[in-house]
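Trainee: I would like to learn how to read a structure I have not seen before. Please show it and take me through its features one at a time.

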Amino acid sequence: MNGLSTILIVVGLFLAGGIYSFVKQGMPKQLIVLLSVGAAMCLVAGVMRLEVWS
């Protein structure tokens, strides 16, 4: 079960890096909010799976 947790955490961190890049480029706020929510959901889901299945 750790494989899916790892993937979720990596995707969340990738999205978080995208948020930083999009803010620097001045992208639309809606896109930044959408990426923020997606990153938070991936990171929380990955950490929750690690906690539950460990």
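Trainee: What share of the contacts in the protein with a separation of 6 or more comes from residues 24 or more positions apart?

Mentor: A contact means heavy atoms within 4.5 Å. In this protein, 68% of the contacts with a separation of 6 or more are between residues 24 or more positions apart. The model is a predicted one, where local features need pLDDT of at least 70, side-chain atom pairs count only at pLDDT 80 or more, and totals for chains, interfaces and linings use all residues. Residues are numbered from 1 along each chain as its sequence is written, and side-chain values use heavy atoms, with hydrogens and water left out.

Trainee: How many helices and strands are there?

Mentor: Both are DSSP runs numbered from the N terminus: helices are H or I with at least four residues, strands are E with at least two. Here the protein has two helices and zero strands. Its C-alpha trace spans about 40 × 15 × 10 Å along the principal axes.

Trainee: How much of the protein is buried?

Mentor: Buried means under 20% relative accessible area, exposed means over 50%, and partly exposed lies in between, using a 1.4 Å probe and protein chains only. Of the 54 residues, 22% are buried.

Trainee: Why is Ser 5 counted as buried?

Mentor: Ser 5 is counted as buried because its relative accessibility is 0%. Ser 5 belongs to helix 1. Setting aside residues up to four places away in sequence, Ser 5 touches Gly 46, Arg 49 and Leu 50.

Trainee: And why is Val 37 called partly exposed?

Mentor: Val 37 is called partly exposed because its relative accessible area is 43%. Val 37 is part of helix 2.

Trainee: Which residues form the largest nonpolar core?

Mentor: In soluble globular proteins, nonpolar side chains tend to be buried together. A nonpolar core is a set of buried Ala, Val, Leu, Ile, Met, Phe, Trp, Tyr and Cys residues joined through side-chain atoms within 4.5 Å. The largest one here has five residues: Leu 15, Ile 19, Ile 32, Leu 35 and Ala 39. Helix 1 (2-25) and helix 2 (29-53) each supply at least two residues of this core, and helix 2 gives the most, with three.

Trainee: What does Ile 32 contact, leaving aside its neighbours within four places in sequence?

Mentor: Ile 32 is in contact with Ile 19, Phe 22, Val 23 and Met 27, with those neighbours left aside.
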